[in-house]
Amino acid sequence: MPRLPVDLDPSAPVKVAVVQAEPCWFDVTSAVKKTCDLIVEAGKNGAKLIAFPELWIPGYPTFLFAHTTKVVNDYMLEFYRNSVSVDSEHMATIRKAACAADIMVVLGISERQGGSLYMAQTFIGPDGKVLLHRRKFKPTGPERILFGDASGDCSKNVIQTPLGRIGGLQCFEHLQPLLKYNTYAQGEQIHVASWPCLFPPIGKMPFFNTVEACRMATHTLAIEGGVFVLLASSIQTTKGLEANGLIPSESIATVSASVDSSAKEKPHTAVIGGGFTQVIAPDGRSITEPVPADWEGLIYAELDFDEIYRAKQWVDPVGHYSRPDLFTLVVRGETRVHVERESNGEGEGFEHVARFPELEDE
């Protein structure tokens, strides 16, 4: 018997691709090329959506966890120069690649606006148009040295598409209960969880910052929201160690997850590997085979929305399994600006999507 359509949902399974790869550390030109190559590969293999890690361009700044502020300042300048402005030719090139491959792209970038940087996710449609652009609502720990906070733009993180309602969060946003609940309330069905490279416990690092804890948090979101989760993560090789100044004077052989307790403790980011990409079903189980932490490539899966319906029959935290008479979330979703001007009758738009120029026809 043919399936009856449900609202605007796709009637057939959706094939997706999820990235586990090493960034082109602090080299925006090479990063754009690698991004486009992965988009082309995913499109040729029949994927309709490709998900990238957090700060894929220009690479997650693991140097923040390893050096003093004086040293970090030198790395910050290079990072700033290789970040991405939304109206840049770099972003236009990626949008054109999405259009040529007829694929939706959720991209993690360091967004440069003026003198500031923001941790951002850009949702690009298969026609190259930007459907949604959001910033990480609060950078975590040392990230605050380099990145600014979001405004109301962080609260709109789900968009309706022909593939279903697609949304996303970045890294430790998956530990924010109210932010997650706001996501569920937008009817999310496919969630892009953008993570950097993460590692096993090393020395005195807190367990919540390990790969295992962050994997748990991501599975929790899948169960709570009754959504498919595309967990995209980066890896790090010796290229990343060198780029972040993690092996300036010692041999590669000394850099490992097993640190001699008698030796000086190394930064927990000074490890090769870090990938934990997977696809998670709405009931919390992984539906892709695990890959090694240093493996690079694309992971594919087909998402059958019947699994969402089955999960939500039991638990729908913003529907039948809620008590709005007891608990209500208030969301202040307006984008606050630094300068407010009186209207001249024409209106001035501050929406992020409006900042992206139209693509020129080839």
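**A walk through a folded chain**

Let's start with overall size: a compact globule of 362 residues would have a radius of gyration near 21 Å, and this protein has 20 Å, which agrees. That radius is taken over C-alpha atoms, and the globule rule is 2.2 Å times the number of residues to the power 0.38. Keep in mind that this is a predicted model, where local features need pLDDT of at least 70, side-chain atom pairs count only at pLDDT 80 or more, and totals for chains, interfaces and linings use all residues. Residues are numbered from 1 along each chain as its sequence is written, and side-chain values use heavy atoms, with hydrogens and water left out.

Along its principal axes, the C-alpha trace spans about 65 × 50 × 50 Å. The protein has seven helices and 11 strands; these are DSSP runs numbered from the N terminus, with helices being H or I of at least four residues and strands E of at least two. Of the 362 residues, 51% count as buried, meaning under 20% relative accessible area with a 1.4 Å probe and protein chains only. Among contacts (heavy atoms within 4.5 Å) between residues at least 6 apart in sequence, 73% join residues at least 24 apart.

Now for the inside. In soluble globular proteins, nonpolar side chains tend to be buried together. A nonpolar core here is a set of buried Ala, Val, Leu, Ile, Met, Phe, Trp, Tyr and Cys residues joined through side-chain atoms within 4.5 Å. The largest one holds 32 residues, and Ile 39, Ile 50, Phe 52, Ile 57, Val 105 and Leu 107 touch the most other members. Two or more residues each come from β1 (14-21), α1 (28-44), α3 (89-101), β3 (104-113) and β4 (116-124). Helix α1 gives the largest share, seven residues. Take Ile 39: leaving out residues up to four places away in sequence, Ile 39 touches Ile 50, Phe 52, Ile 94, Ala 97, Ala 98, Ala 101, Ile 103 and Val 105. There is also a second, separate core of 23 residues, including Val 16, Ala 51, Phe 228 and Phe 305.

Finally, have a look at Ile 299, which is found in strand β11 (residues 297-303). Is Ile 299 buried or exposed? Ile 299 is buried, because its relative accessible area is 7%. Setting aside neighbours within four places in sequence, Ile 299 is in contact with Val 16, Ala 17, Val 18, Thr 277, Gln 278, Thr 288 and Val 291. Ile 299 and Gly 141, on the other hand, are 158 residues apart in sequence and 30 Å apart in space, C-alpha to C-alpha.

Key:
Buried means under 20% relative accessible area, exposed over 50%, partly exposed in between (1.4 Å probe, protein chains only).
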